[in-house]
There are 2 protein chains.
Amino acid sequence: MAKSANRYFSLDMEKIVEKEFDPAHALESESIFSLANEHMGVRGYFEEGGGLNTLRGSYLGGVYETQAHMPESDYGGFVRQTHYMVTSADALATRLVIGQETLDLATCAFGNFTRTLDLYTGLLSRSFLWRTRNAGRVEVRFERLLSMKRPELVAQRVTLCALDMDAPTTLTLRVDGNIAHQNTGKCLWEDVSLPAHNSLAQLALRTESTGTTALYTLRTACAGTHESLRAYRTLGETYDFALLRGQEIVAERVVVVQVAHSGEEIPPLPAMPDFDTLLAENTSHWRAFWQTCDVQIEGDPENQQGVRYCLFQLHSTYRGLNPHDNIGAKGLTGEGYNGHAFWDTETYCLPFFLFTDPQAARSLLMYRYHTLAQARERASALDLKGACYPVATLDGTEACTLWQHSSLQMQPSTSVAYAIRIYVETTEDQAFLRHEGAEMLVEIARYVLSRGGWNTEGFGFYGVMGPDEFHMMVNNDFYTNFLGMKALRYAADTLAKLTAEELALITQKTALAAHEPAAWRNAAEHMIVPRRENDVFEQHDGYFRLPHIDAQAIPREEFPLYDHWSYDRIYRTDMLKQPDVLMAMMLYPDDFTTAEKAANYAYYAPRCIHESSLSPSVHSILAAELNKPEEALSFFGFATRLDLDNYNRNTSEGLHLSSVAAAWMTIVEGFGGVRFGEGMLSLAPWLPVGWKRLRFTLCVRETLLHVTVDAQATSLRCEGAPLTVKAYGREITIGAEECRIARQEA
Amino acid sequence: MAKSANRYFSLDMEKIVEKEFDPAHALESESIFSLANEHMGVRGYFEEGGGLNTLRGSYLGGVYETQAHMPESDYGGFVRQTHYMVTSADALATRLVIGQETLDLATCAFGNFTRTLDLYTGLLSRSFLWRTRNAGRVEVRFERLLSMKRPELVAQRVTLCALDMDAPTTLTLRVDGNIAHQNTGKCLWEDVSLPAHNSLAQLALRTESTGTTALYTLRTACAGTHESLRAYRTLGETYDFALLRGQEIVAERVVVVQVAHSGEEIPPLPAMPDFDTLLAENTSHWRAFWQTCDVQIEGDPENQQGVRYCLFQLHSTYRGLNPHDNIGAKGLTGEGYNGHAFWDTETYCLPFFLFTDPQAARSLLMYRYHTLAQARERASALDLKGACYPVATLDGTEACTLWQHSSLQMQPSTSVAYAIRIYVETTEDQAFLRHEGAEMLVEIARYVLSRGGWNTEGFGFYGVMGPDEFHMMVNNDFYTNFLGMKALRYAADTLAKLTAEELALITQKTALAAHEPAAWRNAAEHMIVPRRENDVFEQHDGYFRLPHIDAQAIPREEFPLYDHWSYDRIYRTDMLKQPDVLMAMMLYPDDFTTAEKAANYAYYAPRCIHESSLSPSVHSILAAELNKPEEALSFFGFATRLDLDNYNRNTSEGLHLSSVAAAWMTIVEGFGGVRFGEGMLSLAPWLPVGWKRLRFTLCVRETLLHVTVDAQATSLRCEGAPLTVKAYGREITIGAEECRIARQEA
């Protein structure tokens, strides 16, 4: 089961560097060198295309197509329409011909190749020496960026210098709308450009089923004679010039990509600054980001680079610009998972935003609020009340076509309730709780209540599948029951605290009946807690009686099991995909004693095979809390470098965004011992062997708490209002002056 | 939930009669008037076609097409190719034009309509008085039969008589190969007739994917000038004659339908006797059938007609001519269930054949033997050993595309082991057991062992679905564990009794290892018996803790639940589709005490909603044994008239063959109290209120045992060797002399 690194990129604390291009890594590099700014994303493909392996992927956040789905059988609650993120036009398409030879790194002779992603400017640059057939050596440099300040802007700069002789050159800068969506094999755009658009060097494309328009406005600048080109789904400029020996020629483009969903107007064209201006803006954006969000690991360059790369990609993918967006499982870096956001956004991605960018965290919750109507419809399709949130989605409708997931998993909805609670507790955003939060909680509680059933012992959930997807149609799943109980109770508690006016508004919006909160409380109070043996909670009814297999002895070549085993074989034993009981304990750390955590960790960890890449972080965080540093470190393992070192051997398909978020969580919650409960932040940092110093910053109610951990002590310092925290169990108020706390030995 | 009769046909003890045709019943009548002779089947459609609602279905036993299936996900063990029975050519197509008016009962004026299926001759006749527009009144009679003696032959007779004037008449008798398969909307045959065939009035058709050839040879006889017609997929003769007033004209056809599967040769053309000869042969065939197989119910004409109709259809559909055939869920009467035979052939259909036609019972088992290779492949696809028999099939490969059935249900395989045992116990066919039986049992035991798992309590089956399909992915299902235990033990016991030579042969055929039988026995001995409370066995682990719902209170309009409920909702409560525990008790009556049966019946019956039409018979038989005559009768209910009175409102799609078989079982095992166990037949007949006399005959080891039950006593008489039976618990040897046993009051 042990995964191994496949190291390809150079170790550098502020950059990702690829030296001497290896075509075998072409697709993987494209993923790693992806840029995004939430509005859009572009894989690190070569602008000039050519014969190399490529997934020429550009994506626009929230732009998708729907697709009819014919379920295996025509049963109630089966998903009959799904949707997927589309591949958008390539705004960076470039053709370079020097001395009648077209640039193509699959066939041309070249050397001195370097590709660099600068994590401190967001600039992706690629340079090499092209040994042309007819015009001697030419230095070529491509640079690109997606503007963080102006998310609709993508910019490119091409710098050429002939070293040996003057060279006749043709450079074409195009927006190419003919790119096919790889999964369907089709280009999904229709060219709907109005005649007027042509004169403006604009291209308007429209999706078929959703009627979303993407308007591309292209501005190019280069020396030489030029000619505009316009064809169906294509727009561009061709420049002809002589590349004079030793004299640099610089070409630039800026493309504005504006999106209007069906029924919306395209907004006015924004300003289009030049490349240098955009780069300077990006640089100051990223410097500000690292100021508050950096995690510094001294003494472990691999993890230092890895965690910075994770944070760079996470912030690139999402920062809450648009509350109609969520975080796709592969971000905007590939077609994998159809661009869907999964239910675990709330449990795995939210904490990072909550402690670094609370406004972005709020946006994630507003996404669920804006899709409440879809969740209500879904509950109704399942013969249930209230709102049932989707397992996977872009637009809020359930897009997961496997009924055993979309009909049996309650965690999408209970996770939203969980997320509302941790958001409100950390930020004290009462306004959100009393309006949007309360409305969602009412609908979630209704769903949860209607999905459950009573027996003589109490209330529970039957025929469910918890996060541990290796057990299906189980009853009284620990995670499901526990999070269900929490959701019911939190909904009732929230309503109880509303003013009469607020309650009247919620009542009106949700047609709340007077008896409902008491019914939720009643179900919560009688929630069946699965039986326990020596502090170990049974994952679900009957789990303890399942045949045991030594999950760690399964040969490595049988993974992923979904690809190598008969499907039903996965469900017959006590092997876990991810640990339901431990996940509940991680999410609600104050609800369980250390003895309980220790007993359940000892019991469940050996039974888990981590077929979900999120599972190791749960184990790492709990192992840290349980003072098992070696295990914490071992489970932390490749968390920060999952994609950089291609541990899963599928980075080629795109980055693992939830895993990237989990890496942050593992460091901060695991090594930092950070928890938020009972209205107060607590910390218990420690340093893994080999680490000299760990620094991170948390944003709590507009105060920045700087944490520095070294071998002897933990230092805390606040920017903003003083903050009372619990450090190693002791309450202490932190101000602007650094407070150094000697580390306790446990 | 109560179903109701929709009486349409006249009550008659030897016929099914339809008087005054009602177009609203057109499709239902087509199903009811279906004929079959195992080789082929033809629905009771009007030969002349026309504008009425029709499913112009003719079917050839074992002739099917394969179809690629794209499962919801590409998981291991998911069925990727399925198959379906094709609709074959219409061998009875007829066109009748009198006085330039074409016969079509949708538009023509007619009266005195009668359609009759004679259960004692197998003749289907239809007569009416056609009031033609131009030629006065004409008496029309169509007759048809499928030869029971010569299964490749279908014959038709058309008799015409003009009452008012001479009438110019054109009669066309065709074989029409253009009939579309309704489910796919396509005609599935290619005309591959050789030139030579044309001169012989032959039509050769071939299926695309399976390459099966059906050769139609047509012989017609009629007065008048005639002309042959031949077109793509069509063959026929047209007769022109004057229908002289008062003078009967008789036209006849005989069609031979020969089938050759891919790679087989068409056999030589058989003899083609005339209609009268074929009718006489059929009459003697059916008289002989009723001699031994009749069930007589005096005092209850509805059930008398009903049970005779059931027996007629059951014997028509299957009598073991071809050990490559099985019994489709809708026989050869419609496209429903794609013509598939389901796993319950062994539990519901076999008993009838076992006690009336042991050779046919043997053929049913030989079908499983001939498809052992497919069952081995299926086990392998599921990562299992041995042989896994299919849930639904025509050719032995799994055709059920719902993974939750085809991957989780073990009962197809354990039912084959059960069937081998009851067949061998009843017939003492040791030769079968020691060769084909033993080989199947080895492979079934291997499958069963590899599908199970051990825990600290013993051996059991995990992640299964028993016959009660309202509980999925359950553990230690009572039925599955119990039948698994029986199969393992029976396999080991069977091997233990083989001679060294027989064992050597089986060892060679199955690569049996010496340790295997002991491993089966070990698993059987440690098989987990689900816990019991006050004699009630828990259906599966955790069943007793499921929320209870009052299944009987579900509104009638919500049935079938699969059509009206969210799919997952079906699985959350203690409601049963059919009763696993009671079914096991019915199949193994000697293994449970009366107290156990009573307790489980009392507990499970109210929880069952009988969404399977087979479920009521289980309840009826157990209720009879438990001396609950009213409940036995109530569950018996519509068993014999399910299709005749269209209780399920879907007789239009074809007959319910398993249900038809279950009707016999309910009478003989329920009212007759017939059981076979410990090498001896036992009986405990009783009469439901209103019945004056019940007679039936059982064939046991070449002896016919005639049973007559009246209000006072039960009379037994043997033809053949004397037979020792247990009557009302007392052993008694029955010879040729009638033995009258006064009924005991329980």
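**Close-up views of a two-chain predicted model**

**Figure 1. Chain A as a whole.** In chain A, 67% of the contacts with a separation of 6 or more are between residues 24 or more positions apart. Keep in mind that what you're looking at is a predicted model. Chain A is built with 19 helices and 34 strands. Its radius of gyration comes out at 27 Å, close to the 27 Å that the globule rule gives for 746 residues, so chain A is as compact as a globular protein of that length. Along the principal axes, the C-alpha trace of chain A spans about 85 × 60 × 55 Å. As for burial, 54% of the 746 residues of chain A count as buried.

Figure 2. The domains do touch: 11 residues of domain 1 of chain A are in contact with 12 residues of domain 2 of chain A. On the domain 1 side, strand β6 (residues 81-85) of chain A gives the most, with three residues. That side of domain 1 of chain A, the one touching domain 2, is made up of five nonpolar and six polar residues, with no charged ones.

**Figure 3. How chain A and chain B are related.** In general, two copies of a chain are related by a rotation about an axis and a shift along it.

**Figure 4. The surface where the chains meet.** Chain A brings 37 residues to the contact, and chain B brings 37 residues. Which strand of chain A supplies the largest share of the side that touches chain B? It's strand β23 (residues 452-455) of chain A, with three residues. Sorted by class, the side of chain A that touches chain B holds 17 nonpolar, 12 polar and eight charged residues. Of the interface residues of chain A, 100% are also interface residues in chain B, so the copies meet through the same surface.

**Figure 5. Helix α7 of chain B and its buried side.** Zoom in on helix α7 (residues 372-381) of chain B, where the buried residues are B:Leu372, B:Ala375, B:Arg378 and B:Ala379. These residues cover an arc of only 115 degrees around the axis, which puts them on the same side of α7(B). Here's the background: an α-helix has 3.6 residues a turn, so residues three or four places apart point the same way. What do the buried residues of α7(B) pack against? Their partners are α6 (358-370) and α10 (430-451) of chain B. Just after α7(B) comes B:Asp383, with a positive phi of about 65 degrees.

**Figure 6. A cis peptide bond in each chain.** Most residues other than glycine have a negative phi, and most peptide bonds are trans. In chain A, the peptide bond from A:Phe559 to A:Pro560 is cis, with omega near -10 degrees. You'll find A:Pro560 in the loop between β26 (536-537) and α14 (561-564) of chain A. Over in chain B, the bond from B:Phe559 to B:Pro560 is cis, with omega near -10 degrees. B:Pro560 sits in the loop between β26 (536-537) and α14 (561-564) of chain B.

**Figure 7. Two loop residues of chain A with a positive phi.** A:Glu428 isn't a glycine, yet its phi is positive, at about 55 degrees. Look for A:Glu428 in the loop between α9 (411-427) and α10 (430-451) of chain A. A:Asn476, also not a glycine, has a positive phi of about 50 degrees. Its place is in the loop between β24 (458-461) and α11 (478-497) of chain A. Is A:Asn476 buried or exposed? A:Asn476 is buried, with 28 other C-beta atoms within 10 Å, while A:Glu428 counts as partly exposed, with 13 C-beta neighbours inside 10 Å.

**Figure 8. B:Leu642, a buried loop residue.** B:Leu642 belongs to the loop between α18 (629-636) and α19 (657-671) of chain B. With 24 other C-beta atoms within 10 Å, B:Leu642 is buried. Setting aside neighbours within four places in sequence, B:Leu642 is in contact with B:Ser613, B:Tyr647, B:Asn648, B:His656 and B:Ser659. B:Gln411 lies 231 residues from B:Leu642 along the chain, and their C-alpha atoms are separated by 25 Å.

Note on methods:
Residues are numbered from 1 along each chain as its sequence is written. Chains are lettered from A and ligands numbered from 1 in the order in which they are written. This is a predicted model: local features need pLDDT of at least 70, side-chain atom pairs count only at pLDDT 80 or more; totals for chains, interfaces and linings use all residues. Two residues are in contact if their C-beta atoms, placed from the backbone, lie within 7 Å. Helices (H or I, at least four residues) and strands (E, at least two) are DSSP runs, numbered from the N terminus. Ala, Val, Leu, Ile, Met, Phe, Trp, Tyr, Cys and Pro count as nonpolar, Asp, Glu, Lys and Arg as charged, and the others, Gly among them, as polar. A residue is buried if 20 or more other C-beta atoms lie within 10 Å of its own, exposed if 12 or fewer, and partly exposed in between; C-beta atoms are placed from the backbone. The arc is that of the directions from the helix axis to the C-beta atoms. The radius of gyration is taken over C-alpha atoms; the globule rule is 2.2 Å times the number of residues to the power 0.38.
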